[in-house]
Amino acid sequence: PPDEALFLLLHNEMVAGLYRAAEQGEGENGRCTTKLESMGFRVGQGLIERFTKDTARFTPPLDIMKFICKDFWTPPLKKQIDNLRTNHQGIYPPQDNKFRLLTQISAGKQYLEHAPKYLAFTCGPPPGGLLNLGIKSIVTPPLSSMPACK
Amino acid sequence: WPVLISVICSPPQNYPLYIRSIPTENELKFHYTVHTSLDVVDEKISAMGKALVDQRELYLGLLYPTEDYKVYGYVTNSKVKFVMVVDSSNTALRDNEIRSMFRKLHNSYTDIMCNPFYNPGDRIHSRAFDSMVNSMMMQVC
């Protein structure tokens, strides 16, 4: 479907464009990650409003986490989260084994160093959405092997 | 017949993002009513934990009647509150009409959230939103 390809291409350009601008003297690498994340954050706030418009009221936090893994993750990334665990102390690592934004980069160790740039944007929407649902959160994306990520 | 519609942002800020009333002279008096109704909204939400109210509904129904007005509430999953104040003498307005007005408010609010030029927490200045509210109020008055 065309809109899927459009988003992938747009996302790749966003990452490349921001880093190019950074090289031309706008700031160090860390700022690019923050910019990408905050773009994602704002998008997440809008998305959560639209996706929760017609749902019944949630009982936090379990309803909310389930919603994020199924209904929030699926439309942009075309599949549900593969695995969700919790340590019952407020940490929920969702696992996606075939993360759509990374599948275009060849599997294997060579690009592992650059992969985090492509995760930055996606780290935005969950906290944005969660904040609007009343939950403060941080996202850290450990990457062990392409194209899986937690 | 006087009517007021208000959109209040999520806690902890809880200030109005939008207030519109007909006739507009009453607006200041309505600010007070809206403010006190927030407490009632919070009460209803916490009462849901005790399963007294249908937990899954976003529409809260009649919050409280004063001798002049009836106040209705609606809270989204994102904790944004919509409050509607209607003149008590307006007995023609039925529950399902009020529900559908809240749905329209919710839909328009969602559009505003998705507008990249809108910053969450800003006051709402949108012609589309205004005209939706205007046409709703015309139907009620």
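Predicted model: local features only at pLDDT ≥ 70, side-chain atom pairs only at ≥ 80, totals over all residues.
Hi everyone, thanks for coming. Let's start with chain B and its largest nonpolar core, which has 30 residues. The members that touch the most others are Val7(B), Met84(B), Phe102(B), Leu105(B), Ile124(B) and Phe129(B). Strands E1, E2, E4 and E5 of chain B each supply at least two residues, as do helices H2 and H3. Which of these gives the most? That would be H2(B), with 7 residues.

There is also a second, separate core, this one with 15 residues, including Leu4(B), Val41(B), Leu60(B) and Val83(B).

Now, have a look at the two helices. H2(B) and H3(B) pack with their axes 10 Å apart, at an angle of about 170°. An angle over 145 degrees counts as roughly antiparallel, so that is how H2(B) runs relative to H3(B). On the H2(B) side, the contact residues include Leu105(B), Ser108(B), Tyr109(B) and Ile112(B), and H3(B) brings Phe129(B), Met132(B) and Val133(B), among others. By type, the contact has 9 nonpolar residues, 2 polar and 1 charged.

Phe129(B) deserves a moment. Beyond its close sequence neighbours, Phe129(B) is in contact with Leu105(B), Ser108(B), Tyr109(B) and Ile112(B), and also with Val7(B), Tyr18(B) and Ile124(B).

Over to chain A, where Leu18(A) sits in helix H1, residues 2–26. Is Leu18(A) buried or exposed? Its relative accessibility is 13%, so Leu18(A) counts as buried. Met39(A) is 21 residues away along the chain, with 12 Å between the two C-alpha atoms.

Thanks, everyone!

Key: Residues numbered from 1 in each chain as written. Chains lettered and ligands numbered in written order. Heavy atoms only, no water. Core = buried A, V, L, I, M, F, W, Y, C linked by side-chain atoms within 4.5 Å. Buried < 20%, exposed > 50% of the residue type's maximum accessible area, 1.4 Å probe, protein only. Helix = DSSP H or I, 4+ residues; strand = E, 2+ residues; numbered from the N terminus. Contact = heavy atoms within 4.5 Å. Axes fitted to C-alpha atoms, helices over the stretch in contact; angles between N-to-C directions. Parallel < 35°, antiparallel > 145°, perpendicular 65-115°, else oblique. Nonpolar A, V, L, I, M, F, W, Y, C, P; charged D, E, K, R; others polar. Lists of a residue's contacts leave out its neighbours within four places in sequence.
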